[in-house]
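This report walks through the secondary structure elements of one protein chain and the way they pair and pack. Please keep the sequence and the structure at hand while reading.

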Amino acid sequence: ERSEKEKARWPSKGFDSLRRAAKMQKQQIGPSLRAKKHTVKTLFQIQKWALLVLYSEHALRLDWADVLLKKPDEKSEHNFIFKYPRKGWILTLRRYKTAKSRGTTTLKMSRSASMVLTKLVPIVKAVTTHGYLLSNSSGGRLSRNGLSKLLTRITERLLGNKGFSATMIRVLKATKFSKTLEKSSELAKEMMHSQEQNYRYSRRDAD
């Protein structure tokens, strides 16, 4: 069952609302996408669209804020994303909530996420120097708290009073796929917990 807070924020189309929001955001940032020379301002606009796509494809916690754009030392605990010649974009997670029990996790990015990353990453490297995937409005590294607020603000603007955080997005996705066993196995890896936890993932985690 959903809590009263969840009922008030639960979008009518559930998890699919995130993809709808991504399409709406892309339509609104046409000038930024078409810019021949990018700035921190155009990057931030494009990033809003990119975030919606990334979360609609790979519903991590706030770990997207900790992703480096280069491969660190093998002994490093940093998370990073890298485009391999044949494999494409691979996200490697070494530091996350359940890392002690699960160890290093790798996720191959979906086609949609890969297309967004191919557009976003070169711009990030061109206009920032912090070395991470996500940036704040001033061009510095986006913090986990900043990411949480940005997600809520974007979804609230695009979906009315349906603004929600990374945790809510995870709840929406787990709810959509909880009865599909094959998909549930993939989802458990993506969310970095067991399939049993997928089924238990409910309002106690929503914020």
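This is a predicted model: local features need pLDDT of at least 70, side-chain atom pairs count only at pLDDT 80 or more; totals for chains, interfaces and linings use all residues.

## The sheet and its packing

Ile-81 has Leu-91, a residue of strand β3, as its bridge partner. Strand β3 is largely enclosed by the rest of the structure, because six of its six residues are buried.

Strands of a sheet pair through backbone hydrogen bonds, and they do so either in parallel or in antiparallel fashion. The table sets out the strand pairs, each with an example of a bridge.

| Strand pair | Sense | Bridges | Example of bridge partners |
|---|---|---|---|
| β1 and β2 | parallel | two bridges | Val-67 and Asn-79 |
| β3 and β4 | antiparallel | four bridges | Thr-92 and Thr-106 |

## Helix pairs

Two packed helices are described by the angle between their axes together with the distance between those axes. For helix α4 (residues 40-57) and α6, the packing angle is about 150 degrees and the axes are 10 Å apart. Since angles over 145 degrees count as roughly antiparallel, α4 and α6 are therefore roughly antiparallel to each other. Helix α4 passes α6 in a left-handed crossing. On the α4 side the residues making the contact include Val-40, Leu-43, Trp-49 and Glu-57, while those of α6 include Ser-112, Val-116, Ile-123 and Val-127.

A second pair consists of helix α2 (residues 16-28) and helix α7 (residues 144-159), which pack at an angle of about 85 degrees with their axes 10 Å apart. The helices α2 and α7 are therefore roughly perpendicular to each other. Here Leu-18, Ala-21 and Met-24 are among the residues of α2 that meet α7, and the residues they meet in α7 include Thr-155 and Leu-158.

Once neighbours within four places in sequence are left aside, Val-127 is in contact with His-38, Thr-39, Val-40 and Leu-43. Thr-39 and Val-127 are 88 residues apart in sequence, yet their C-alpha atoms are 6.1 Å apart in space.

Helix α8 (residues 166-177) comprises twelve residues and reaches 17 Å from its first C-alpha to its last, which is close to the 16 Å expected at 1.5 Å a residue. Because ten of its twelve residues are buried, α8 is largely enclosed by the rest of the structure. The buried residues of α8 include Met-168, Ile-169, Val-171, Leu-172 and Phe-177, and Arg-170 and Lys-173 are also among them.

Terms used. Residues are numbered from 1 along each chain as its sequence is written. Side-chain values use heavy atoms; hydrogens and water are left out. The expected span of a helix is 1.5 Å times one less than its number of residues. Buried means under 20% relative accessible area, exposed over 50%, partly exposed in between (1.4 Å probe, protein chains only). Two strands pair if DSSP finds at least two bridges between them. Axes are lines fitted to C-alpha atoms, for helices over the stretch in contact, and angles run from 0 to 180 degrees between N-to-C directions. Angles under 35 degrees count as roughly parallel, over 145 as roughly antiparallel, 65 to 115 as roughly perpendicular and the rest as oblique. A crossing is left-handed if the near helix is turned anticlockwise from the far one by less than a right angle, and right-handed if clockwise. Contact means heavy atoms within 4.5 Å.
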